[in-house]
Amino acid sequence: MAKGDENLKVIHRIKNSSSAYFHGDDKYDNTEKNSDHEYIPIDLTREILMRLPAKSILRFRCVSKLWLSITTEQDFINSFTVRQSSIPSQSLLLNFTSYDNERKHVFCMLPFHEKSTSYSDVHNFHIIPPGKDYQSCSSTSVNGLITFGNKTEIVIWNPTMKEHITLLKPKNPMENYKIIGCRLGYDPMENIYKLLLMAYYPCAYKLKEEYQNPQILTLGSQESWRVIKNSPDHQASSDYYCIKGVVYYRANISFEEDRDDHSVIPSFPKAILVMKLKEIIMSFDVRSEQFKSIQIPGRAPRHESNLHECLMSYQGKLAWVCSYSNIIKIWVWQDAEKQEWSENEFVIPMPIRDLVGRTWSLNGATSAGEFIYVAKSGKLFKDISVFIYDPVRETIRNVKGLDYEKFRRCYGSSNERMYFLTSYPDHIESLISPKTLV
């Protein structure tokens with residue numbers, strides 16, 4: 001019998017044998033309360049509830065005032081979040097988008113804990129995102145929270161709770177630039193969430209001359225947006241990861257290259273020609289609000305047509321990954337002070353192109369260290385599925401999910417194409433209500 005079934009049976013027994021006590025019935029006398037077979041200690045009840053899935057906990061809040069009180073306590077929610085983050089993920093949250101008309105996000109939860117040989121009903125996977133269409137969506141979840149954004153608003157959404165909040169962005173003092181997607185950071189030591197906004201610069205020389213400092217908002221502090229003045233000049237990418245209180249993302253910094261005067265083309269300003277961008281990894285400590293740059297540890301061969309480089313959260317640590325053909329090279333961040341990485345290389349037993357006859361892209365890793373591959377963004381595909389490579393066992397499993405045509409007919413028009421955009425391998429079930437963050 002599965003542990004979940006055992007827990008459910010225990011809960012039903014608690015409910016049936018002690019309903020008066022759990023519902024706060026004053027007629028429940030002390031003699032009955034002290035009976036070994038009737039009275040269930042609150043600590044045990046809390047522990048049983050802690051082991052249930054989030055959706056079950058949400059349903060069981062209706063059982064009694066006591067259960068509602070236990071499961072809505074901040075300490076219970078925090079402990080549940082920590083517990084969930086240590087349990088291997090059982091599903092992958094996929095985000096698809098349509099670009100033909102208005103940008104539209106569609107989310108589906110694809111289970112990958114069991115081998116599926118047939119397609120499932122589309123409606124069983126669909127999760128309804130916030131009603132308004134947003135231009136950007138975060139590439140990662142932080143404790144099960146996902147952010148959306150447009151020019152004026154930021155939305156923090158918990159798909160498990162089906163709740164979200166909307167925050168106004170600060171006015172951009174530099175009208176010629178736009179503020180791109182925000183980053184949600186979390187400090188586990190102080191249990192604080194912060195939003196970080198950056199400005200986008202299309203040219204290297206403008207980055208150096210007119211850099212705009214990031215702005216930050218501490219959630220729940222009743223404070224306004226404020227400027228961080230110690231930020232080094234850099235151009236941030238939209239993808240990021242928040243790992244143990246530090247936000248990591250790829251960035252470019254500008255540097256000048258020495259040139260002789262005769263090498264400058266007369267029709268272009270010299271400043272434009274001598275300015276170049278260098279790619280690095282930027283870290284932002286959520287608590288201290290300090291930025292630090294990290295050198296990229298290695299690059300994959302540039303002649304490879306299937307080259308893919310990315311940041312990743314790998315078994316609770318930052319990782320830089322280069323994948324090409326059926327080879328995965330991974331560097332895992334070990335020591336921040338010494339900027340030390342540990343390097344490893346894995347070879348998938350068969351070429352990626354031979355898997356179902358289509359192109360795949362590395363898109364993250366499970367908490368157990370398995371690599372997740374999905375169909376490349378912008379490519380047409382017959383089904384929505386993933387394959388997972390376990391480097392320890394050297395095994396591959398292909399998990400079928402949804403028939404693409406049925407999916408498109410449900411969530412797109414006959415002229416629209418839904419493209420894969422983002423997956424959330426670190427997404428966890430969360431009881432955090434976004435409304436508590438403001």
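**Entry 1: aromatic pairs**

I count rings of Phe, Tyr and Trp (its six-membered ring) as a pair if their centres lie within 6.5 Å. The model I examined is predicted. On that criterion I found that the structure holds eight aromatic pairs.

I looked up the pair formed by phenylalanine 148 and tryptophan 157: the centres are 5.8 Å apart and the planes make an angle of 50°, which is a tilted arrangement. I then checked burial for both partners. Phenylalanine 148 has a relative accessible area of 3% and is buried. Tryptophan 157, at 2%, is buried. I assign both labels because buried means under 20% relative accessible area.

Next I turned to phenylalanine 284 and phenylalanine 291, a tilted pair with 4.7 Å centre to centre and 45° between the planes. Both phenylalanine 284 and phenylalanine 291 are buried.

**Entry 2: a charge over a ring**

I looked for an arginine above an aromatic face and recorded arginine 183, which lies over the face of tyrosine 249. The distance to the ring centre is 4.5 Å.

**Entry 3: threonine 218**

Where does threonine 218 lie? I located this residue in strand E10, which covers residues 215-218. Is threonine 218 buried or exposed? Its relative accessible area is 11%, so I record threonine 218 as buried.

I then listed the polar contacts of its side chain. One joins the side chain of threonine 218 to that of glutamate 223, at 3.0 Å. Another, at 3.3 Å, runs from the side chain of threonine 218 to the side chain of arginine 226. Setting aside neighbours within four places in sequence, I found threonine 218 in contact with Ile192, Tyr193 and Lys194, as well as with Glu223 and Arg226.

**Entry 4: confidence**

I looked up the confidence of the prediction last. The protein has an average pLDDT of 76, and 65% of the residues score at least 70. Residues 14-36 have a pLDDT below 50; in the model this stretch has 32 contacts beyond near neighbours in sequence. The pLDDT is also below 50 over residues 270-274, where I noted twelve contacts beyond near neighbours in sequence.

Key. Residues numbered from 1 in each chain as written. Predicted model: local features only at pLDDT ≥ 70, side-chain atom pairs only at ≥ 80, totals over all residues. Heavy atoms only, no water. Phe/Tyr/Trp six-rings, centres within 6.5 Å; stacked < 30°, edge-to-face > 60°. Buried < 20%, exposed > 50% of the residue type's maximum accessible area, 1.4 Å probe, protein only. Lys NZ or Arg CZ within 6 Å of the ring centre and 35° of its normal. pLDDT = per-residue confidence, 0-100. Contact = heavy atoms within 4.5 Å. Helix = DSSP H or I, 4+ residues; strand = E, 2+ residues; numbered from the N terminus. Polar contact = N/O pair within 3.5 Å; in protein donor to acceptor, adjacent residues only side chain to side chain.
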